[in-house]
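Thanks, everyone. Please have a look at it first.

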Amino acid sequence: MTVDNHFILRKLQSLENATIVFSTVTKHPFLVCDEETYDDELLIFADVNEMQESVKPYVAKGYLLHGVTIPQDKLARFLSDCFTLGVNQLVFHENGTRFSVSLDKIVIHPDYSNLPMEKRPLLNPELQLSVLYFLQELSRRIPEEQRDQEKLRDQEEELAANMAKAQFLVPIRLNEPLKPGERLEPGKFQLTMINTKEGEQFLPIFSDVKEYTLFNKENKYQGILMTIENLRQLIKDPCKGLMLNPTSIALRLNAKMVDGILQRFFEFE
């Protein structure tokens, strides 16, 4: 049901807590693409019991889900952060009724267009969106013969295309402070690595400033911007590949996967 935006806003403001459906795999909100409008929807509930009942059809399809409670004083910030995931529609459930509204009618969409390019925060909503949809589908607990391979291939292709055109924040440690105007050259910095349970090392990369900040809470690192083409040169033993957003989705891309992206979306002389 689509209703007056102010009506839904008042409904949300009256909640003591809101329950958001999260993907257990991505550690982000579970997203649904509307089959008719193609809106990318966030599911929000006034009551946790109603949420548990409403997601049963998704659980039956093998999606791994759980509810996360967001208190009223943190709800607006949470919804604003959802823009970084590519979400554009909010679907609010209360007493068996479904209300749909554009997210930018509920919270203000941050606008950085007036800032100089060098001061704009890194955002990759298209990349985040494609990663979340791909991992939600890939992680479904269903028999392999029931898996929609064509859908997965399409999602993987979209993910790869977004990886190819994105910039990423890479955490480094400077051996000594850079002087004004000095370029960052090899030997003047150290990379940091993520060690997996299997004993392998991956280079952490981040799709946006929020993901990077979660990793760099103690401000140990300085972030530099790099493309997938630049990053390929850093995948050398003992580094096995790249790990996108290790504090949440922790998507691993080995050297072969990165080469596949480069071969599909870059032209070489």
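A word on exposure before anything else: I call a residue buried under 20% relative accessible area, exposed over 50%, and partly exposed in between, with a 1.4 Å probe and protein chains only. Now the provenance. This is a predicted model, so local features need pLDDT of at least 70 and side-chain atom pairs count only at pLDDT 80 or more, while totals for chains, interfaces and linings use all residues. Residues are numbered from 1 along each chain as its sequence is written, and side-chain values use heavy atoms, with hydrogens and water left out.

Let me start with the salt bridges. By that I mean a side-chain nitrogen of Lys or Arg within 4 Å of a carboxyl oxygen of Asp or Glu. How many does the structure hold? There are 14 salt bridges.

One of them pairs Glu-218 with Lys-220, at 3.4 Å from N to O. Glu-218 is exposed, at 61% relative accessibility, and Lys-220 is partly exposed, at 45%.

Another salt bridge links Lys-56 to Glu-53, with 3.1 Å between N and O. Lys-56 has a relative accessible area of 48%, so it is partly exposed.

The pair I would point to on the screen is Arg-252 and Glu-198, whose closest N and O atoms are 3.3 Å apart. As for accessibility, Arg-252 is partly exposed at 35%, whereas Glu-198 is exposed at 53%.

Next, the surface patches. Patches are made of residues with over 30% relative accessible area and no salt bridge; like charges are joined within 9 Å, and nonpolar side chains, meaning Val, Leu, Ile, Met, Phe, Trp and Tyr, within 5 Å.

Which residues gather in a patch of negative charge? They are Asp-148, Glu-150, Asp-154 and Glu-158. Glu-150 belongs to helix H6, which covers residues 149–165, and Glu-150 is exposed, with a relative accessible area of 52%. Gln-149 is also in H6 and is partly exposed, at 34%. For a sense of scale, Gln-149 and Glu-94 are 55 residues apart in sequence and 35 Å apart in space, C-alpha to C-alpha.

There is a nonpolar patch as well, of about 280 Å², made by Tyr-112, Leu-115, Leu-123 and Val-209. The areas come from the Shrake-Rupley method with a 1.4 Å probe, and for residues only the protein chains shown count as cover. Val-209 is in helix H7, residues 209–215, and is partly exposed at 33% relative accessibility.

On to cysteines. A disulfide is a pair of cysteine sulfur atoms within 2.5 Å, and the structure holds zero of them. Take Cys-33: the nearest cysteine sulfur, that of Cys-82, is 16 Å away. Is Cys-33 buried or partly exposed? With a relative accessible area of 33%, Cys-33 is partly exposed. Cys-239, on the other hand, is buried, at 3%.

Last, the backbone. Most residues other than glycine have a negative phi, and most peptide bonds are trans. Where is the cis bond I want to show? It runs from Asp-237 to Pro-238, with omega near 10 degrees. Pro-238 lies in the loop between helix H8 (228–232) and strand S12 (239–244).

Two residues with positive phi are also on my list. For Tyr-38, phi is near 65 degrees; Tyr-38 is in the loop between strand S2 (31–33) and strand S3 (40–45), and is exposed at 60% relative accessibility. For Asn-219, phi is near 55 degrees. Asn-219 lies in the loop between H7 and strand S11 (222–227), and is exposed, with a relative accessible area of 64%.

That is what I have; questions are welcome.

Methods:
Lys and Arg count as positive and Asp and Glu as negative; His and the chain ends are not counted. The place of a charge is taken as NZ of Lys, CZ of Arg, CG of Asp or CD of Glu. Helices (H or I, at least four residues) and strands (E, at least two) are DSSP runs, numbered from the N terminus.
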